[in-house]
Amino acid sequence: MFRSNFWRHFDFWLLGAVIIALVFGVTMIRSAIAGNVSLAGVVPRQIIFGAVGFVVIILAAAIDYRFWSGAIVPMYVVIVAALLLLFVIGATHFGATRWIETGLVSIQPTELAKMVIILALANFFDRNNESSRGWGWLLKSLAIAVGIAGLIFIQPNLSNVIVIMVLWAAMAWVAGLNLRQLGILLLVIVVLGAVAYSFFLQPYQRDRITTFIFPNTNASYGATYNVLQALAALGSGGWVGEGYGHGTQTQLRFMKVRHTDFIFSVIGEELGFVGSLFVLILLAFIIYRCLRAAHLARRSFWTIHCLWGRHPDFLPGGGKYCR
């Protein structure tokens with residue numbers, strides 16, 4: 001199961017960038033909690049998660065990829081069971097049941113579900129690489145995504161359902177989705193989206209969508225309050241920011257969820273344009289190294305058939321990296 005020579009191809013540049021991002025993130029979270037005693041445990045918990053994540057990275061890199069391909073079904077079943085378990089013992093925060101409390105840490109199965117969806121879809125497209133790209137092929141892949149997305153939707157957790165469906169659409173496109181299918185899918189999405197918006201979404205979910213499209217239609221203390229506070233924080237940062245731990249909107253706690261969803265606003269306020277640009281460049285570098293790794297992969301299980309869903313013989317250079 002484990003590969004003895006995995007260090008030969010290990011991407012230390014990618015690992016280094018991820019470590020820098022982790023350290024930088026923990027540092028900014030420390031500032032974002034702004035002395036809030038109830039959030040004091042966030043920083044050490046994030047450090048623990050980072051350490052665990054580092055161990056997972058090394059183990060995942062050392063395990064032969066064929067193991068992951070063979071473990072897809074058990075992983076999928078475990079995730080479905082965990083999502084169902086939420087409705088029995090799950091903890092509810094902010095009106096949503098998304099967490100399993102273990103006493104030591106809170107586990108959010110939805111985050112693990114995203115990784116399982118990616119592996120399951122990659123495995124499906126790889127195994128059906130020679131199949132025709134008809135509607136049966138497409139609907140089977142959709143069923144894999146919907147099987148998990150449906151359980152996430154009723155938590156409720158609309159944002160992560162959208163993330164999973166975008167993952168499915170992107171991977172299907174890379175695997176060979178044709179333009180006609182894409183056009184029909186977009187039409188169906190628009191129709192279903194309109195029906196869901198009108199009859200199935202909760203009022204707060206509709207407010208989020210409306211606020212995203214028309215951010216200035218509500219009063220500052222309504223649905224756009226936090227967005228306006230975040231914009232004020234970003235605007236006040238200037239070129240070099242107000243200084244670490246000295247951001248007005250952050251330290252006076254005008255912004256809600258500033259240590260999670262709105263952490264970028266904290267960075268912009270305290271470190272300015274320079275700090276924000278550093279984060280964007282760092283993330284772009286991580287994405288580039290991930291795409292590079294996908295391009296160099298030998299199996300389409302990792303690349304969804306060499307990134308573009310083509311036969312290796314049609315790739316530049318005779319597909320030497322894909323065989």
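Val257 sits in the loop that runs between helix 11 (248-251) and helix 12. Helices here are DSSP runs of H or I with at least four residues, strands are runs of E with at least two, and both are numbered from the N terminus. Phi of Val257 is near 40°, which is a positive value in a residue other than glycine. With a relative accessible area of 34%, Val257 is partly exposed. The cut-offs are under 20% relative accessible area for buried and over 50% for exposed, with partly exposed in between, using a 1.4 Å probe and protein chains only.

Before I go on, this is a predicted model, where local features need pLDDT of at least 70 and side-chain atom pairs count only at pLDDT 80 or more, while totals for chains, interfaces and linings use all residues. Residues are numbered from 1 along each chain as its sequence is written, and side-chain values use heavy atoms, with hydrogens and water left out.

Ala34 is in the loop between helix 1 and helix 2 (42-62). Its relative accessible area is 10%, so Ala34 is buried.

Now the chain as a whole. It has 14 helices and three strands. Of its 323 residues, 37% count as buried. The accessible surface is about 18900 Å², and carbon and sulfur atoms account for 71% of that; the areas come from the Shrake-Rupley method with a 1.4 Å probe, and for residues only the protein chains shown count as cover. Contact means heavy atoms within 4.5 Å. Among contacts between residues at least 6 apart in sequence, 65% join residues at least 24 apart.

Next, helix packing. Two packed helices are described by the angle between their axes and the distance between the axes. Axes are lines fitted to C-alpha atoms, for helices over the stretch in contact, and angles run from 0 to 180 degrees between N-to-C directions.

Helix 1 (residues 12-32) packs on helix 12 at about 160°, with the axes 10 Å apart. The two are therefore roughly antiparallel; that label is for angles over 145 degrees, with under 35 roughly parallel, 65 to 115 roughly perpendicular and the rest oblique. Their crossing is left-handed, meaning that the near helix is turned anticlockwise from the far one by less than a right angle; clockwise would be right-handed. Helix 1 brings residues including Trp13, Phe24 and Met28, and helix 12 brings residues including Ile267, Glu270 and Arg289. The contact residues divide into 20 nonpolar, one polar and two charged. Nonpolar here is Ala, Val, Leu, Ile, Met, Phe, Trp, Tyr, Cys and Pro, charged is Asp, Glu, Lys and Arg, and the others, Gly among them, are polar.

Is Ile267 buried or exposed? Ile267 has 6% relative accessibility, so it counts as buried. Ile267 belongs to helix 12 (residues 263-296). Apart from neighbours within four places in sequence, Ile267 contacts Phe24, Met28, Gly272, Gly275, Ser276 and Val279. Its C-alpha atom is 8.9 Å from that of Ala32, 235 residues away along the chain.

The other pair is helix 5 (residues 109-127) and helix 7 (residues 158-175), whose axes come within 10 Å and cross at roughly 20°. That makes helix 5 roughly parallel to helix 7. This crossing is right-handed. Among the contact residues are Lys114 and Phe125 of helix 5, and Trp168 and Met171 of helix 7. The residues of this contact divide into 12 nonpolar, two polar and two charged.
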